Amino acid sequence: MIYPARIWRERHAHYRLVGVKCKKCGAVHYPPRPVCDKCGSRELEEIELPRKGKLISYAILHDPPTGYRDQAPLIIGIIELENGVRVLASLTDVNEKELKIGMEVEAVLRRINRKEEYGVIPYALKFRPIMI
Amino acid sequence: MRRVYVVGVGLTKVSRHYDKGLKELFAEAAWKAIEDAGNVMPKALVVGNETSSSLQDQDNLGAYLADYGGLGRIPAFKVEAACGSGGTAFYVGFSLVASGLVDVVMVAGVEKLTDARSSTTTAALAKAAEAEYESFYGASFTSLNALLMHYYMKKYKVSHEELAEWPVMMHENASQNPYAQLRFKITKEQVITSRIIAYPLRLLDASPISDGAAAVIIASEDVAKKITDTPVLVAGVGMSTDKIYMAGREHLDRMVALINAAKQAYSMAKIEPRDLDVLEIHDAFSILGVMSLEDLGLAEKGKAVELLNEGRFHPGDKPTANPSGGLKARGHPVGATGVYQIAEIAMQLRGDFPGVKVSNAEIGLASNIGGVGTSITVTILRR
């Protein structure tokens, strides 16, 4: 459910790719979490992650879930950012024929879906091929 | 810890049961299991189920089913771990008996997926993923598995045609299983040209949408010896979880939770992977079947597909994988699947499984996965 308060709580991660960095061991996590997954430390600080990376796997949905149908075919990818952190996101501004594992991509703010039951249009980052 | 035995099993056919709901499916499997156990009545009920709340508007499943099934006013509750609910319910039921708290427990799995239209059902199943960072982006459950499949195929240079050996074998096995949903054979050509669900994953890489219920009755040693000549020992159990946000895992080509759960179960049963005669493993998608073989220690990482194509894991081999036809073709009534697997292994060890038989099987393993490798149980049974 896309509740307005839920969108608001997660806004930094969704809009600015904010993750957390462990002050003890340096591990970086996304989405943000209160405890380091590597060393167990609870001392973490927020950091913005790099907005560029490469596509390491993708799937093409010809029949996406309700609320995402107008984006068919919807491309879901796993992106390895420049600092090695991996994120899941959809891809945009790309023809499915151009898709290639290993391609360079960058984050861009876009509308995520059409679920408007609670009166909000959710935005978040998608990834597109790097424009030179 | 007390020793725990499986003393009775009961299954419904896996199918689209338009004429039966959650409660009717449950009652059918439950009473078959009670009769199979010589009419011993369970003193507690643990139910594995994933979607009763979202698809049938029914919470409080323990009381609902114990009452309808006529089990009396016994302790009863639901255990939920997505598609791994059944195996997890068994893990809980096992601990009730092993701890000495209850002597006879029914572990049941029940799922009713086919009343809703398929977009509603797939939305309910997608709740196994991370709502805010996976489902929010439009990732269906199938597409998350497709990401793993694509990654694996690229990394280990496996073609779709080679991978298709898995579903072909599953359909062949299921064709002999009277409880199976998809009792027809398929070819590799049909797999690789079937409808694309989430490229590169196609329809015949996926398990079907199913209804079904399974029940097993487990008991302490003194009770078990009184009621049956063929008790099956629960020799080992294990459970582990993994990071739910799949992209954030260190490895995308393996299920760490399965590796951990298997390690626990092997050590408790004091066996090695090579001792296994029969497996029922969680192949909701072809890729999970082959990754499971590797993560259980039965194939080197990246090599399972090659071994499959050489004829390994087929009927006649040790171990035989999924003589039932697996989730792929027996069907996948999600929260019930883990209990089906355990019941099927128990029948293989007793020698009365009505489909592909593994002759003289002594040790069998069931592995059940919830989410994309997130909540995993491994159960080892021994004759």
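# A walk through chains A and B

Buried residues make up 63% of the 383 residues in chain B, where buried means that 20 or more other C-beta atoms lie within 10 Å of a residue's own, exposed means 12 or fewer, and partly exposed is in between, with C-beta atoms placed from the backbone. Please keep in mind that this is a predicted model, in which local features need pLDDT of at least 70 and side-chain atom pairs count only at pLDDT 80 or more, while totals for chains, interfaces and linings use all residues. Residues are numbered from 1 along each chain as its sequence is written, and chains are lettered from A and ligands numbered from 1 in the order in which they are written.

Let us stay with chain B for a moment. Its secondary structure comes to 15 helices and 12 strands; helices (H or I, at least four residues) and strands (E, at least two) are DSSP runs, numbered from the N terminus. The C-alpha atoms of chain B fill a box of roughly 55 × 45 × 40 Å along the principal axes. Of the chain B contacts between residues at least 6 apart in sequence, 78% join residues at least 24 apart. Here two residues are in contact if their C-beta atoms, placed from the backbone, lie within 7 Å.

Now for some detail within chain B. Helix H4 (residues 85-98) and helix H15 (residues 334-350) of chain B have axes that come within 5 Å and cross at roughly 60°. Such axes are lines fitted to C-alpha atoms, for helices over the stretch in contact, and angles run from 0 to 180 degrees between N-to-C directions. H4(B) contributes residues including Ser85(B) and Phe90(B), and H15(B) contributes residues including Gly335(B) and Ile342(B). By class, the contact has 5 nonpolar, 6 polar and no charged residues; Ala, Val, Leu, Ile, Met, Phe, Trp, Tyr, Cys and Pro count as nonpolar, Asp, Glu, Lys and Arg as charged, and the others, Gly among them, as polar. Elsewhere, Ala63(B) lies in helix H3 (residues 61-68) of chain B. Ala63(B) counts as partly exposed because it has 16 C-beta neighbours inside 10 Å.

Turning to chain A, we find 2 helices and 8 strands, in the sequence pattern α-α-β-β-β-β-β-β-β-β. Of its 132 residues, 34% count as buried. The C-alpha atoms of chain A fill a box of roughly 45 × 35 × 25 Å along the principal axes. An open sheet of 3 strands in chain A has the order S2-S1-S3, with antiparallel pairing; two strands pair if DSSP finds at least two bridges between them. Its edge strands are S2 (28-29) and S3 (44-48) of chain A, each pairing on one side only. Strand S1 (residues 18-22) of chain A pairs with S2(A) over 2 bridges, and Lys21(A) has Val28(A) in S2(A) as its bridge partner.

Finally, look at where the chains meet. The contact takes 27 residues from chain A and 27 residues from chain B. S4(A) gives the most to the chain A side, with 6 residues. That side has 18 nonpolar, 6 polar and 3 charged residues. S4(A) is also joined by 2 bridges to strand S5 (residues 196-199) of chain B, and the two run antiparallel. Within S5(B), Tyr199(B) is the bridge partner of Ile60(A).
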